[in-house]
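This report walks through a two-chain model.

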Amino acid sequence: MPVWNSSNMSHLLSRSLFGFSKSDLTMALGYGTFADFIDKALLKDAAMPAAPNAWVNTVPNNIQNTDGSTGRWYNEMTAWWYTRMVNESLSMREKMVLFFHNHFANERAKVNYPQNMYAQNQLFRKYAFGNFKQLVKDVSKDPAMLIYLDGNNSRGVNPNENYSRELMELFTMGIGNYTETDVKQAAKVLSGYIVSGLTSTFVPARWYTEANVTVLGKTAKFDINTLVDHIFDQKATAQFICRKLYQEFVYYKPDEVFITKMATVFRANNFEMKPVLKFLFTSDDFYKKEIIGSKIKSPTQLLVGSAKLLQVKTPDLNNFYELARTLQMQLFQPPNVAGWPGQREWISSTTYSYRGGFTDSLLSGKRYNGVAVTSKLVPIAYARTFSTSEKAIEFVDEIIGLALRFPLSDTRRKFLLDTLLDGTIAANWNTYTANSDARVNKFLKALMRLPEYQLC
Amino acid sequence: MKKNVSRKQFLHQMALLSGGAAWGMGSVTGKAYAQVPASMASMVAGAQPGKALVIIQLSGGNDGLNTVIPAEDDQYFIKRPDIGIKKDAAIPLKNGMYLNPAMLGIKKMYDQGKVSVLQNIGYSNPNRSHFRATDIWNTGSNANIVWDEGWAGRYLSIKYPQYPMNLPTHPMAIQLGSVESLLFQSDLGRFGTVFEDPNLFYQLVNGSTADSDMPPATLAGDELGFLKQIATSSIQYSKVIQECAAKGKIGYTYPSSNLARQLQIVSKLISGGIQTPIFLTTIGGFDTHSNQLTQHANLWKTISEAVTAFQTDLENMNLADSVSVVTFSEFGRTVKQNGTLGTDHGTAAPMFVIGKTVRGGLIGENPNLKILDANGDLKFNYDYRQVYSTIIRDHLGVDAVKTQQIFNQAFERLPIYQNSPDQLPEFTSLELVTSVPNPVIDFALIQYSVFEKMQIKLAVYDLQGQEIQEIYQGNREVGSYQITADLARISSGFYIISLSGPNGQRQSRRMIKQ
């Protein structure tokens with residue numbers, strides 16, 4: 001069992017949430033044990049959020065694509081989701097919704113109607129802590145997915161292979177665990193659906209007419225339910241999903257021994273998400289020293305987490321929207337069906353530079369291109385939320401402890417302290433002196449410009 | 001793990017030696033070129049400065065059969081009754097092959113001898129996953145091996161042996177975009193500088209700092225080292241890029257597509273004097289599972305117009321001799337159309353190599369639509385690494401032994417460039433690469449390759465064909481070889497060095513003895 005302390009909790013929060021503030025950490029530490037915190041806060045069920053707007057229930061119509069509504073609604077829905085994330089508090093649900101959005105990656109460029117994408121997003125929310133096998137069954141008939149991977153209008157005679165392949169390659173078993181024949185045969189089973197408006201309909205006459213098909217060594221008159229059941233009977237499936245969970249929440253290079261343990265838990269609990277997540281977050285492997293600070297933040301983690309850290313309660317979501325695109329993580333627009341690969345793939349010479357531009361904007365109130373940001377940090381008020389605010393050395397250490405998971409070297413620590421002091425000595429520091437707001441800003445800017453800040 | 005640590009120690013030492021310019025990179029696996037002795041590293045690669053390769057990646061899997069079309073083959077229309085392009089609508093090339101009607105610009109360049117069309121390029125046991133297949137093309141591996149370094153990354157690590165201990169003055173590779181391709185990644189770090197716009201890039205980086213503290217040797221320390229490396233190279237290269245872009249000229253008006261914009265930046269940087277050997281540009285949208293006809297034609301219209309503008313621009317500025325363009329896509333598509341007027345993931349497909357120095361024309365046999373693989377799709381005719389090996393050797397000027405190191409295998413070249421061998425590989429299967437120095441005083445260093453296991457003989461003959469000295473005779477496995485011959489005893493004059501095989505294959509080179 002991991003040791004119950006602030007640094008282990010900070011590690012857990014920084015991986016299972018988008019980020020955390022000082023008060024989030026204090027609140028989490030009030031639970032007393034990891035088991036209690038996980039059951040009563042992190043994985044706690046919650047009511048579904050209200051829709052962003054009434055358009056979610058309007059029947060998709062081509063007019064919305066020509067009069068600009070589609071783009072506007074997608075933006076509205078993106079802002080709605082960011083708001084859910086910024087206000088996640090200690091619940092992991094939105095993180096899991098993003099995990100599923102990345103797992104069953106659909107692109108708005110092809111799923112023309114935000115109504116369908118909204119329904120899919122709510123489906124992920126419904127199953128965030130639910131049964132993964134059932135989610136796969138539901139996703140297989142989900143209108144957005146049918147549109148995205150060409151299941152829509154696929155007929156049993158000459159079916160479209162797109163969804164069938166990705167179901168096996170990316171959503172369940174992983175490459176190497178099926179043959180080209182399996183893809184072709186399963187494509188027949190998955191055929192027969194058409195999407196009209198907000199719903200999908202199964203049309204028996206469009207389905208395959210063979211008495212049976214053979215998929216993964218079993219011959220039967222499969223339907224979607226029995227096909228997915230059969231896929232989940234393959235050992236590779238639990239291993240594949242747990243590998244993905246591990247890579248998302250622990251470390252990008254998989255540890256197959258530990259993943260096998262996760263898979264055993266996942267299978268034993270009939271592919272329910274809660275038990276496997278709880279197993280992960282209460283295991284010593286998750287808290288190993290070498291794991292801490294080894295994850296490169298996703299752009300969403302950077303945007304939402306920075307707002308949470310700085311207690312910017314209503315961040316400028318247009319800024320989020322534009323920067324997320326630039327940083328290569330536009331929500332509802334993953335690069336392709338495999339989703340965002342993550343870790344080092346987030347970083348190139350250009351995206352690294354833009355990350356600094358974003359954190360600057362929360363402090364300066366201006367984007368890299370000079371456009372004003374609607375909500376920015378109030379430095380002195382923020383500093384005074386820390387009991388150490390009048391003691392420079394302790395203050396710098398406390399903020400570093402909150403913001404960075406990577407152990408900072410003494411030279412970097414001194415560099416940050418010098419930035420705050422701006423030429424004076426520690427004894428002369430307090431938040432009531434002239435220019436102390438600018439100094440806090442400079443200190444936070446330097447902190448968030450450290451490469452260490454990109455790690456969590 | 002042991003290797004890891006020693007590598008880190010090595011980098012650590014180098015960092016100290018070079019004043020802290022280097023950082024330990026992530027996990028390191030042993031690689032053939034890492035064992036190249038230092039003496040060879042000094043005579044490496046990139047002999048012709050200023051040559052540039054511009055890669056256009058067609059993401060999603062380009063439908064080769066609707067790009068270079070067998071419009072006189074009945075089988076094509078039987079398998080594609082609704083999406084087959086009729087010969088009357090298409091642009092005739094030769095031998096019954098036609099271009100997609102949208103490719104007018106490429107046809108014009110083809111007629112001028114500036115386009116080599118390579119048919120049926122692929123590899124054994126082709127993979128139909130977008131992601132795995134893209135990785136295979138980018139790394140240059142066989143289908144059954146996973147490599148984590150790009151072939152260009154390995155080429156660049158030969159060209160820039162001092163990296164990452166020292167950063168060369170100019171970017172080693174440039175990618176227009178945001179997410180760095182595996183193509184430019186290597187165990188030594190990332191070779192690519194990635195951006196969308198030279199000025200904005202400069203503006204953003206301005207103000208960044210990078211410290212030279214050595215990160216700790218931990219998993220997280222590896223990630224920090226990676227971030228620091230990116231920060232450092234961004235700071236260094238954003239300035240060079242901005243300066244070259246400012247100096248650069250534009251010799252032609254480009255269309256307004258995204259690809260054209262990328263190529264225009266490349267051209268501007270080259271004319272501004274950038275010394276970068278590889279550029280990567282990308283165009284997506286080729287995953288045409290449904291209603292593909294218009295979409296696919298539009299994509300090729302975009303490419304055709306963009307590349308035509310790029311080529312014209314370079315020619316107007318007298319830079320065309322040093323630049324070559326190549327297209328690739330992760331796979332071709334199914335021979336048969338599917339039920340939604342599209343095609344699914346397939347196998348072999350054509351590639352285009354475009355530029356002033358290519359031989360031009362249609363290379364290789366037409367796709368055989370009757371003799372197909374087990375899934376009913378095209379069999380490949382030439383390996384994609386034959387194309388890359390030809391480009392690396394005949395355009396980028398790397399020798400045979402180094403090229404073999406890049407792919408861990410020797411590949412016989414295709415007649416792509418004017419300086420490429422003029423025959424298709426079937427007829428030779430061996431190659432006498434070089435003999436240096438020439439004229440020779442005593443010792444000659446001879447490189448040769450054999451592409452199927454055979455008994456070979458390497459010897460020196462006089463101009464009458466009389467054998468003067470045998471250098472090597474025996475069986476050779478497939479591969480490139482290097483041998484040092486002591487020719488001190490033969491008298492001054494003109495000679496022929498000749499490599500021959502058992503079935504009359506022979507390649508010869510003239511040699512002068514001082």
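Domain bounds come from an automatic or database domain assignment.

The model is predicted: local features need pLDDT of at least 70, side-chain atom pairs count only at pLDDT 80 or more, and totals for chains, interfaces and linings use all residues. Residues are numbered from 1 along each chain as its sequence is written, while chains are lettered from A and ligands numbered from 1 in the order in which they are written. Helices (H or I, at least four residues) and strands (E, at least two) are DSSP runs, numbered from the N terminus.

Two helix pairs are set out below. Axes are lines fitted to C-alpha atoms, for helices over the stretch in contact, and angles run from 0 to 180 degrees between N-to-C directions.

| Helix pair | Angle | Axis distance |
|---|---|---|
| α21(A) (410-421) and α22(A) (436-449) | about 155° | 7 Å |
| α5(A) (69-86) and α7(A) (114-126) | roughly 20° | within 9 Å |

α5(A) is therefore roughly parallel to α7(A). Angles under 35 degrees count as roughly parallel, over 145 as roughly antiparallel, 65 to 115 as roughly perpendicular and the rest as oblique. The crossing of α5(A) and α7(A) is right-handed; a crossing is left-handed if the near helix is turned anticlockwise from the far one by less than a right angle, and right-handed if clockwise. From α5(A) come Thr70(A), Trp73(A), Tyr74(A), Met77(A) and Trp81(A), which meet Pro114(A), Tyr118(A) and Asn121(A) of α7(A). This contact holds 6 nonpolar, 2 polar and no charged residues.

The α21(A) and α22(A) pair is roughly antiparallel. α21(A) also passes α22(A) in a right-handed crossing. Leu416(A), Thr419(A) and Leu420(A) of α21(A) meet Arg439(A), Lys442(A), Phe443(A), Ala446(A) and Leu447(A) of α22(A). The classes here are 5 nonpolar, 1 polar and 2 charged.

Which residues of α6(A) are buried? They are Arg93(A), Glu94(A), Lys95(A), Met96(A), Val97(A), Leu98(A), Phe100(A), His101(A) and His103(A). That is 9 of the 11 residues in this mostly covered helix (93-103). A residue is buried if 20 or more other C-beta atoms lie within 10 Å of its own, exposed if 12 or fewer, and partly exposed in between. The buried residues of α6(A) pack against α1, α5, α7, α10, α13 and α16 of chain A.

**Between the chains**

43 residues of chain A are in contact with 36 residues of chain B. On the chain A side, α10 (162-172) and α18 (349-364) each supply at least two residues. α18(A) gives the most, with 8 residues. The chain A side divides into 15 nonpolar, 19 polar and 9 charged residues.

**Chain B**

Chain B has 12 helices and 21 strands. Of its 514 residues, 52% count as buried. Chain B is divided into domain 1 (2-407) and domain 2 (428-513). Their contact takes 4 residues from domain 1 of chain B and 7 residues from domain 2 of chain B.

**Backbone details**

Most residues other than glycine have a negative phi, and most peptide bonds are trans. In chain B, the bond from Val436(B) to Pro437(B) is cis, with omega near -10°. Another cis bond joins Asn438(B) and Pro439(B), with omega about 5°. Pro437(B) is in the loop between β15 (430-436) and β16 (443-450) of chain B, and Pro439(B) lies in the loop between β15 and β16 too.

In chain A, Leu216(A) has a positive phi near 50°. Leu216(A) sits in the loop between β3 (213-215) and β4 (218-220). With 19 other C-beta atoms within 10 Å, Leu216(A) is partly exposed. Asn270(A) has a positive phi of about 50° and is in the loop between α14 (256-268) and α15 (273-281). Asn270(A) is exposed, with 12 other C-beta atoms within 10 Å.

How values were computed
Two residues are in contact if their C-beta atoms, placed from the backbone, lie within 7 Å. Ala, Val, Leu, Ile, Met, Phe, Trp, Tyr, Cys and Pro count as nonpolar, Asp, Glu, Lys and Arg as charged, and the others, Gly among them, as polar.
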